[in-house]
Amino acid sequence: MTVDLSAVPLVALSNESKQVISTLLNPPKVIPSENGLPRDWRGLAHLCKLSGELMPLLTFHVDPSVYILTVWGQNQKHITLKDFRTVLEEIERWDILDDTVKLFERDAKRYLEELEKAQASAEIIANDIDQKVLTVGDLHRLRQGLENQYYDAFLLYADEDTKFATEVVDKLENQYNLKLCLKDRDLIVGVTFEHEAIMTLISERCNRLIVIISPNFLNSSANKFFLNYAQALSIDKKQRKIVPCLYQKCKLPQQLNYMFILDYNRVGLYDFWGKLRDSVETPTRLGESLKVSLVTEDEYNNESKTDAENTKCAVSTEVQELELKNSSDKLNKAEIARHSEQSPLGNKKYGNFLQWPKKKYFTKTDNIKKDCTPPTETVSLPSLENIDLLKTSTESMEKKHKTQFINKYMKKVQLKKDLIKS
């Protein structure tokens, strides 16, 4: 067997199983078992240890086997189906054991299933819960330990305009992420006073009341009542409560003549769904969307400022490099002029024949200075007093000019001697 019969009490036997057992045990058997016990209900009564007073009564009982099983299960609740099968083995009723295998297994499974179901019990309803739960959303939020469900708007329409109401729900909920409340979809079944529940939703749980106006809507006295109730609420709370939407042309109620109405049939530059969304949304939701847009604009401005600063930094770096080059060229020219004044050629007693015409050298920086306009901003340059690279270049140029000067001087002295000799 797949079921452990030692875990199933004797009371799990069904009436069908007891009937099969009694049919086989009630007839008296002449041949006893090896231990000397009768192989019928009398042997069962002996092993069940029933009192001697019951034995005479069992003789005249209509169904002694069923009576014995009932009394045995009530007096000794720890007796299991396995214990009963052991008793049948002691009185050598192998036929009953073979015929009741499937019955015992079926009764055991059924008992265990019922026992498992009995472990789960329904929750006790508190006295104030039914007063709070009005919609399906309230029920789901209550199971999660949350507060009641609140809605952006309650949709009021006639039953004949269900198709257009479905379109409104699809637009506002799926496209604009608004939460609507509908009587036929969200209201809990069994609310005692339907009108009172809808009035509570309109006044306490819904920010707006969307009214789909049509001839069918005006034919309903209940819709007129809720419209008047919402009108009174808006006056009392000084809020914009009603959002009227004209679906089909009809004569408007008197209280709607003083309101701006969204006309579904209007054509041209008229965004019906956008106006409906803006009319339903609360200032908090609009503030969040505006905050998101402002944050995005600030991020864009910050990125623009960063790019401008990076560009400015790059321009200033280029200007510094250019002025460094110009300063180094001026320093080199000053050094050359100083050494030329200290040289013999700079003395007047040597005459003009030792002088040579100076050539003007144009550097790359001079061309850049001609083409580029000077920067409008002043740039603080680093000090050039202790720059090793400039010092090294000056010494090399000085050595080169000294060598050229000596060579030319020797040539001219030699030429003068030749002229004197001649």
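**From a loop to the core**

Reply: Lys238 sits in the loop between α14 (221-237) and β4 (242-246). Those helix and strand labels are DSSP runs numbered from the N terminus: helices are H or I with at least four residues, strands are E with at least two. This is a predicted model, where local features need pLDDT of at least 70 and side-chain atom pairs count only at pLDDT 80 or more, while totals for chains, interfaces and linings use all residues. Residues are numbered from 1 along each chain as its sequence is written, and side-chain values use heavy atoms, with hydrogens and water left out.

Lys238 has a positive phi of about 55 degrees, although it isn't a glycine. Most residues other than glycine have a negative phi. Lys238 is also exposed, with a relative accessible area of 77%. Exposed means over 50%, buried under 20%, and partly exposed in between (1.4 Å probe, protein chains only).

Now follow the chain on to helix α15 (residues 272-280). At its start, a side-chain oxygen of Asp271 comes to within 3.2 Å of the backbone nitrogen of Gly274. Which residues of α15 are buried? They are Phe272, Trp273, Gly274, Leu276, Ser279 and Val280. Here's a handy rule: an α-helix has 3.6 residues a turn, so residues three or four places apart point the same way.

What about the inside? The largest nonpolar core has 31 residues, and those with the most contacts inside it are Leu44, Trp72 and Phe84. A nonpolar core is a set of buried Ala, Val, Leu, Ile, Met, Phe, Trp, Tyr and Cys residues joined through side-chain atoms within 4.5 Å. Leu44 is in contact (heavy atoms within 4.5 Å) with Leu25, Ile68, Leu69, Trp72, Phe84 and Val87, leaving aside its neighbours within four places in sequence. Apart from that core lies another, of 25 residues, among them Phe154, Leu156, Leu201 and Ala230. In soluble globular proteins, nonpolar side chains tend to be buried together.

Notes: A polar contact is a pair of N or O atoms within 3.5 Å; within protein, one must be able to donate a hydrogen and the other to accept it, and residues adjacent in sequence count only if both atoms are side-chain atoms.
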